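User: I would like to learn how to read the features of a protein model. Could you take me through one, step by step?

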Amino acid sequence: YPEYLENLRYDFSDTSEFDEPFWYYPPQLLGVIMPWTPLALIGLWQVVRNFIIGLWLSARGLWTGSKINWSFWRHDRLHTFLFCWAIVPLIVLSIPHRKHHHYLVPSLAPWAILAVIGGRAVMRWISRTGNSTPAIFGLIFLGLPGAAAMLLLHRRIPGPFWAVCLLAAIWLCCIWILFRGLELRRPGWILAAIVIFVGFGYSWGQSVWPDDNVTDTAFLRRANAIVPANKK
């Protein structure tokens, strides 16, 4: 593998391979962290809000000459670090013209933490306001339309028709579990609905989408059979 500096020089070189615009990474990140994107954005807002509050309190203290509450910054330094960890790599990676979504892998950790913060904020809001959405509401306005769309567009969805029907059934079950968890304020139910659908969706995708590794492996085996083992 090339050294880091060599790879960095290649990213800034005159090659046009993998050229992407400056704003390439933020949309890619929002897609990569699905289905946790909404929660991660809520968590980011929680962190940014605390950071802005700290700046306001400090500026007001400097303007009025009053004592600055440094304890706020000591208490919130983990959120400040998390904000920098999540945002700074996106800015740095966006500078070279050569970009690839694989470069986002080290940045997934802070966004996972932000998703946890956002999920905790959502559950606290539901518990505080007493809002609960009946499961039947979710089935009627989200579950049934989604399942109907899958069945109507089954010709455009890879795989046999029975697999599309199974996908629609799993969708209905997960929507019911999700909204039932919201209704009963059970975070475990909500997590189970998301994990079940994501797991089944990835399993379905792996079974119907073409796998480039199959042709690569066949090529390597043919090459190994043709070329003697002692030849380079």
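Analyst: We can start with one cysteine. The sulfur of Cys173 lies 6.8 Å from the closest cysteine sulfur, that of Cys174, which is too far for a bond. Keep in mind that this is a predicted model.

User: What distance is needed, and how many disulfides does the count come to?

Analyst: The two sulfur atoms have to be within 2.5 Å. By this rule the count is zero disulfides.

User: Are Cys165 and Cys173 buried, exposed or partly exposed?

Analyst: Relative accessible area decides this: under 20% is buried, over 50% is exposed, and values in between are partly exposed. Cys165 has 29% relative accessibility, so Cys165 counts as partly exposed. Cys173, at 46%, is also partly exposed.

User: How many helices and strands are in the chain?

Analyst: The chain has nine helices and zero strands. Along the sequence the pattern reads α-α-α-α-α-α-α-α-α. Of its 232 residues, 26% count as buried.

User: At what angle do H6 and H7 pack?

Analyst: Helix H6, residues 135-152, and H7 pack at an angle of about 165°, with their axes 9 Å apart. H6 and H7 are therefore roughly antiparallel to each other. The crossing in which H6 passes H7 is right-handed.

User: Which residues of H6 and H7 meet?

Analyst: On the H6 side they include Gly138, Leu142, Gly146 and Met150. On the H7 side they include Val164, Cys165, Ala168, Trp171 and Ile175.

User: How do the axes of H7 and H8 cross?

Analyst: The axes of helix H7 (residues 161-184) and helix H8 (residues 187-208) come within 7 Å and cross at roughly 165°. By the angle, H7 and H8 are therefore roughly antiparallel to each other. The crossing of H7 and H8 is left-handed.

User: Which residues is Ala193 in contact with?

Analyst: Ala193 lies in helix H8. Leaving aside neighbours within four places in sequence, Ala193 is in contact with Cys174, Ile177 and Leu178. The C-alpha atoms of Ala193 and Cys174 are separated by 4.7 Å, although these residues are 19 residues apart along the chain. Ala193 has a relative accessible area of 3%, so Ala193 is buried.

User: Which residues touch the most other members in the largest nonpolar core?

Analyst: A nonpolar core is read as a set of buried nonpolar residues joined through their side chains. The largest one has 15 residues, and Leu29, Leu90, Trp111 and Leu114 touch the most other members. H2, H3, helix H4 (70-93) and helix H5 (108-129) each supply at least two residues of this core. H5 gives the most, with four residues. Apart from this core lies another, of 13 residues, among them Ala163, Ala168, Ile175 and Trp204.

User: What is Leu29 in contact with, apart from its neighbours within four places in sequence?

Analyst: Leu29 is in contact with Leu90, Leu104, Leu108 and Trp111.

User: Is Gln46 buried or exposed?

Analyst: Gln46 has 18% relative accessibility, so Gln46 counts as buried. Gln46 is placed in helix H3, residues 37-64. Not counting residues up to four places away in sequence, Gln46 touches Ile117 and Ala121.

User: Where is Ser94, and is Ser94 buried or exposed?

Analyst: Ser94 has its place in the loop between H4 and H5. At 4% relative accessibility, Ser94 counts as buried. Beyond neighbours within four places in sequence, Ser94 is in contact with Phe22, Tyr25 and Lys99.

User: Is the peptide bond from Met34 to Pro35 cis or trans?

Analyst: The angle to read for a peptide bond is omega. From Met34 to Pro35 the bond is cis, with omega near 5°. Pro35 is found in the loop between helix H2 (25-32) and H3.

Conventions: Residues numbered from 1 in each chain as written. Predicted model: local features only at pLDDT ≥ 70, side-chain atom pairs only at ≥ 80, totals over all residues. Heavy atoms only, no water. Buried < 20%, exposed > 50% of the residue type's maximum accessible area, 1.4 Å probe, protein only. Contact = heavy atoms within 4.5 Å. Core = buried A, V, L, I, M, F, W, Y, C linked by side-chain atoms within 4.5 Å. Axes fitted to C-alpha atoms, helices over the stretch in contact; angles between N-to-C directions. Parallel < 35°, antiparallel > 145°, perpendicular 65-115°, else oblique. Left-handed = near helix turned anticlockwise from the far one by under 90°.
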